[in-house]
Amino acid sequence: MTTQKIHSRFFPNGLEVVYQRSGAAPVISLDLWVRAGSTCERRGEEGIAHLLEHMLFKGTKKRGPGEIAREVENLGGEINAFTSFDHTAYTLLIASRYAPQGLDILTDAVSSSIFDPVELEREKLVVLEEIKRSRDIPQLKLSKNLFSLAYEGHPYGSPVIGSEESVSALTSDDLARFLARWYRPSNMVLVAVGDLTAERFFKLAERTLGALPKKPKPRQATLPKSLKQEALTFSAEKHSVGEIHFDLAFQAPGATHKDVAALDLLTTILGQGESSRLLERIKLEENLVATIGAGSYSPKGPGLLYIAAVSQQEKFTKAYAAICRELAVLTRELLPPEELKRAKETIEADFIYQRETVQGQGEKLGYFHIVYGGAQREEAYLREVNEVTPEKIRELAKKHLRPERASLALIHPEGTNAPISRRDALKTLAAALSKDNSERLDSGVINKRKPLPSGATVLIRRNPAVPIIAVRASMPGGLLGEPSGKEGAFHLLADCMTKGSLNRDVFEIARESDRLGGHVDGFTGRNSYGIKGEFLAKNAGEGLELISDLLLNTSIPEGELEKAKEDLLQAIKRREDNPASKAFRAFENLLYGEHPYGHDMLGTSASISALSRDDLLQIHEVHSNPSRIALSVVGDVDVDHTLHHLEGLFNGGAGPLTPLAEPAPPIAPESPRRLDLHSPHEQAHIVTGFLGTTLYDGEGMALRVINALLQGQGGRLFRALRDEQGLAYSVTALTIEGLHRGYIASYIATSPEKKELALAGLLGEMKKLARGEFTAMEVEQAKTKLAGSFELNLQENSFQAAQLSLDELYGVGYLNYLDFAKKALAVTVEEVEAVAKKYLGGDNWAAVIVGPDHKG
């Protein structure tokens, strides 16, 4: 693309001037860029950069209120401005013969504005209305919500416009101070495009803006170059809309990154133009959305790739799933060359159309110079676009379209429930983007994943080694899903699910499971619940029928419920007799507080006594919607026959999804927490530890290696506290992950008089790891131990069935577990050092001591 030469010059006062000649019309575009946006604001100044932009043309020492606007209008020109996170820009479009007057106006505004208090109060009212408007207009409201999610903890997460409170409090003196601090020639760039010669323009600029006094360049704040998001962030908010408006975004690099051109191409392919994938397939072919598009946001700091859409309430689930599938296709398949060529032509056409006017040229020139790092970058950018290959698009899609980098913001009509929960949103996205295909061959073992028409997902792994099958049906629930006041509900529900269905009573279930050479049990945990069973392979069909009946036709007979409640109440009492169990339970409560992970999985005597049959059936109905069931079968089965059989058993339709509660994530202690509990037993049982990782954190495997360094007879704790100091017989460590943060903890049982020494020893060994006091050989041994112990578990079909089902339910890919050993062995010493320092290096631990000497 042929363009006019770009001229640039620095004046003695520090002002940079960039000029490009365009002889298409006797017009000039004057853009004054100030390197000061909302990220330059101090506490209490929120919104001042934007308010200053409004006020700059409202009056100077020689031009009264309204005179600048009238003068520009009388010259036939136009004046405009915008404020971003990093910059503020003022644009004056005028006939080139009036260029001297235009430059004089800009100079006067940035050097002599007086911020009349009366005018300021009027303009503040305008900005306050703008703030209200941003809450009324769905897409503006949604954009604000998305940025607060995607940029949590980063200045980009706060709105440029400020808040009603902050704007209302700003004064004329505040604006004058901000202007003096940032509006200096050394912090400004004048970008112009017009039909004057370069020398003529530079002389005019030097007499005006170039004549401003020289001042030191202000020091810019250092902003985070990357975001610390580790899992999908989510918000759903009611609004006065008739449809679902939603934005799905992924973290991306900023404007100066080498991949920015290719990422722009990626979003063009996705959602720009009538033939883009999202528009063609999701709107035109499937008619799931009213509008849809995609784009890339590439600022000075971290950027975003985003998809924006509007759908009807009843179509949202399918629309969201379809979007996720289209994203997944880009991560797996190479683009057809003609599709990539069309996208490149779309970007080139956009550049060409912007060259039609000098204001379009000036905007593009200024943006590339200020944000991309140089006006010459435009030509380089277009070359980079043309050099992108299908392989590059797939590589970047895999790199950036990842669940842990995603944010989903949506607004839905007043009086309706959110159409999806964070958990289901993550599950859908992660399942689509998981690395597996629908079928995978691995050492002669066949793996298959298939969503059934009912919405349930079936996962089959054929293992003919032993004539046994293991079955597991998992659903979201457990501690994380328990309603307030109904603690223990999922434990009680799991107990009762195998005690009767609409077709079988408890005795028939017991006799049938014995006849099939197996057993069925309910299960529950921190994040899920369901039914599991094992049967002889020759009875696979009947075993699957039994599992499906108990799952889909749960009846919970009143008599069996009362027996189960009585058993559970006795179990709660018995646990008080086990000091180790009591210590772990108290530790979790101390560490998590009111978070559901801090609750007792068994419940309390009061909550269990109060639960009714209707309570349990209602909970089960919500959580067992077929679209939430992940059913795995592992063993000596015929894959196709088993699929066909399950399609017949799960042939009902999925009803409407009731959104699941999404608790706030746990908050780490700000300082050490300790609890001493009296016990009549002889030993003191001590548990201490820290919050850990989620299932989705990339640091989880390194934390497992750290745990392996601590536990076992060859571990740090055993050697230091038992072998060397003789403090205990029993000492160990464990780490637990979850949908929310789990924990890493150590345990010891010791004599009461040694409890302080033992607690210090546990924490001391963990702190040594945080300081990097371990060898590369220790890390290698821990990795080998971790990988080997996991592979030993793979011998059992029931273990593999659990991994398949839960990994699918949690959205990490149903064959994720097959790569466990490889990932464990790939952990580096540097990763262990960083993760140990991050999770074990602070004083945010919790400790519980249960023993006879309560006061120590």
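**Helix packing, burial and backbone angles in a predicted model**

Colleague: At what angle do helix α17 and helix α20 pack?

Modeller: Helix α17 covers residues 489-497 and helix α20 residues 558-575, with their axes 10 Å apart. Helices (H or I, at least four residues) and strands (E, at least two) are DSSP runs numbered from the N terminus. Axes are lines fitted to C-alpha atoms, for helices over the stretch in contact, and angles run from 0 to 180 degrees between N-to-C directions. On that scale α17 and α20 pack at an angle of about 130 degrees.

Colleague: What pLDDT do local features need?

Modeller: Residues are numbered from 1 along each chain as its sequence is written, and side-chain values use heavy atoms, with hydrogens and water left out. This is a predicted model in which totals for chains, interfaces and linings use all residues, side-chain atom pairs count only at pLDDT 80 or more, and local features need pLDDT of at least 70.

Colleague: How are α17 and α20 oriented to each other?

Modeller: Angles under 35 degrees count as roughly parallel, over 145 as roughly antiparallel, 65 to 115 as roughly perpendicular and the rest as oblique. The angle here is about 130 degrees, so α17 and α20 are oblique.

Colleague: Which hand does the crossing of α11 and α16 have?

Modeller: The axes of helix α11 (residues 316-332) and helix α16 (residues 422-433) come within 8 Å and cross at roughly 30 degrees, so the two are roughly parallel. A crossing is left-handed if the near helix is turned anticlockwise from the far one by less than a right angle, and right-handed if clockwise. The crossing of α11 and α16 is right-handed.

Colleague: What share of the 856 residues in the chain is buried?

Modeller: The chain has 31 helices and 23 strands, and its C-alpha atoms fill a box of roughly 100 × 65 × 55 Å along the principal axes. Buried means under 20% relative accessible area, exposed over 50%, and partly exposed in between (1.4 Å probe, protein chains only). By that count, the buried share of the 856 residues is 56%.

Colleague: Which residues are exposed on the face of α24 turned away from its buried side?

Modeller: Helix α24 (residues 639-649) buries V639, T642, L643 and L646. These cover an arc of only 100 degrees around the axis, which puts them on the same side of α24; the arc is that of the directions from the helix axis to the C-beta atoms. The face turned away carries D640, H641 and H644.

Colleague: How many disulfides does the structure hold?

Modeller: A disulfide is a pair of cysteine sulfur atoms within 2.5 Å. C40 is buried at 7% relative accessibility, and C324 is buried at 0%. The number of disulfides is zero.

Colleague: What is the phi of F115?

Modeller: Most residues other than glycine have a negative phi. F115 is in the loop between α3 (99-112) and α4 (117-136) and is buried at 3% relative accessibility. Its phi is positive, near 50 degrees.

Colleague: What is the relative accessible area of N287?

Modeller: N287 lies in the loop between α10 (277-285) and β9 (291-297). Although not a glycine, N287 has a positive phi of about 55 degrees. N287 is partly exposed, with a relative accessible area of 44%.
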